Amino acid sequence: MSKEGFSEKQKMFFYMIIATAAVYFGLKYILPLFVPFLAAYFIAWLIRPLVSFLHRKLGIPPVIGGAAAILLLFAAVGTGLFWLGRMLIDQLTAFFSNLPEYQLMLSEQIEGICSGCDRIFKLSPGTAEAAVEENMRLVMKNVQTEVIPALSKQSISVAIGAAGLLGILLIVIVSALLIVKDMESYKERFRDSRFYREIHRITGKLSETGIAYLRTQGIIMLIIAAICTIGLLMIENNYALLIGIGIALFDAFPVLGSGLILIPWAVIRLLAKDIRAAVILAVMYVICQLVREVLEPKMLGNKIGIPPIGTMMAMYVGVKLFGVSGFLLGPVGLIILKTCFSAYSVGNKE
């Protein structure tokens, strides 16, 4: 260390460590405490134009206008979720009702594959099938002894969580009304804060990158889910919506994409001489790829600046640190760190 103190590289290193620790601590421990209020702010932001219109044109107080706007928002969202939920439940019910038939079909397919393996590797007839059956027996034993009891123990926790969710929903609604009522005064107080410039530099960039990332992924997933659902309806698949949503979620993973599902499925249909289904599945894959390749760069541009492998690594690290929510928190955390480092560099130049 020189007489003048820490070098610029050393300062940057310490800043990276502190920022990384702060982001982890914030996402792990602070964010869960503020999720209801962030949701309330988002709802207030959505309904604010309507509330302002009602107050300006009809003289309706913001609290009453906000309550009406929230009712309309929840009615619209609830109707959509009810319709989708009903379709999903119908498809899940049909799937479990036909499960014995699917098990029989799967057994026949496995038996044919095992017979082929016996011939190819010159094994005694039934060797491969016996190995598969033994492994399946072990899997079912683990399910019965570990998975099912664990699910049974969690049923009470799920019931308590559902009741708690209603309380959180009430907090969100009341908070949204309070925020929309005094949103302008909150903004003025924030602008007058002594830390406004530093905080605004980070939050402004984070808002630009983080919201752009989440909005882009959400829109693309909705479009891909719609494309896959329509395509599966065309081949008369009984679980079109269920599988379409699953493919859309899988497509959100960098590099992996919908091709790992649609391409093997198209090949299987082609080998089964179902040319129409194979072509539709292949076309679905091409359209999904075009949607992502065209919309993602157009909507994001250079706002994120994170390569696909970086997003994949962020998802993996996020899952290890935060569990299932890490699929979202990992990339968000990476965006926050990138934003902090960019703000730090700009601040030093100034």
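This is a predicted model: local features need pLDDT of at least 70, side-chain atom pairs count only at pLDDT 80 or more; totals for chains, interfaces and linings use all residues.
Colleague: How many helices and strands does the protein have?

Modeller: Start with the rule. Helices (H or I, at least four residues) and strands (E, at least two) are DSSP runs, numbered from the N terminus. Here there are 11 helices and 0 strands. Along the sequence the pattern reads α-α-α-α-α-α-α-α-α-α-α.

Colleague: At what angle do H1 and H2 pack?

Modeller: First, the axes. They are lines fitted to C-alpha atoms, for helices over the stretch in contact, and angles run from 0 to 180 degrees between N-to-C directions. Now the case. Helix H1 covers residues 8-58 and helix H2 covers residues 62-97. Their angle is about 125 degrees, with the axes 9 Å apart.

Colleague: Which word describes that pair?

Modeller: Angles under 35 degrees count as roughly parallel, over 145 as roughly antiparallel, 65 to 115 as roughly perpendicular and the rest as oblique. H1 and H2 are therefore oblique to each other.

Colleague: Which residues make the contact between H1 and H2?

Modeller: Contact means heavy atoms within 4.5 Å. From H1 come Ile43, Leu46, Ile47, Leu50, Val51, Leu54 and His55. From H2 come Pro62, Gly65, Gly66, Ala69, Ile70, Leu72, Leu73 and Phe74. Next, sort them by class. Ala, Val, Leu, Ile, Met, Phe, Trp, Tyr, Cys and Pro count as nonpolar, Asp, Glu, Lys and Arg as charged, and the others, Gly among them, as polar. This contact has 12 nonpolar, 3 polar and no charged residues.

Colleague: How do H7 and H8 cross?

Modeller: Read them the same way. Helix H7 (residues 240-251) and helix H8 (residues 259-271) cross at roughly 125 degrees. Their axes come within 9 Å. H7 and H8 are therefore oblique to each other. Ile243, Ile247 and Phe250 of H7 meet Leu260, Ile261, Leu262 and Trp265 of H8. By class, that contact has 7 nonpolar, no polar and no charged residues.

Colleague: Is cysteine 228 buried or exposed?

Modeller: Buried means under 20% relative accessible area, exposed over 50%, partly exposed in between (1.4 Å probe, protein chains only). Cysteine 228 has 0%, so this residue is buried. Cysteine 228 lies in helix H6, residues 196-234. Leave aside neighbours within four places in sequence, and cysteine 228 is in contact with Gly244, Ile247, Met284 and Cys288.

Colleague: What does glutamine 217 touch?

Modeller: Glutamine 217 also lies in helix H6. Not counting residues up to four places away in sequence, glutamine 217 touches Ala252, Arg292 and Glu296. With a relative accessible area of 9%, glutamine 217 is buried.

Colleague: Where is isoleucine 113, and is isoleucine 113 buried or exposed?

Modeller: Isoleucine 113 sits in helix H3, residues 99-120. Its relative accessible area is 53%, so isoleucine 113 is exposed. Isoleucine 113 and glutamate 129 are 16 residues apart in sequence, and 8.6 Å apart in space, C-alpha to C-alpha.

Colleague: What share of the whole protein is buried?

Modeller: Of its 350 residues, 25% count as buried. Contacts tell another part of the story. Among those between residues at least 6 apart in sequence, 68% join residues at least 24 apart.

Terms used. Residues are numbered from 1 along each chain as its sequence is written. Side-chain values use heavy atoms; hydrogens and water are left out.
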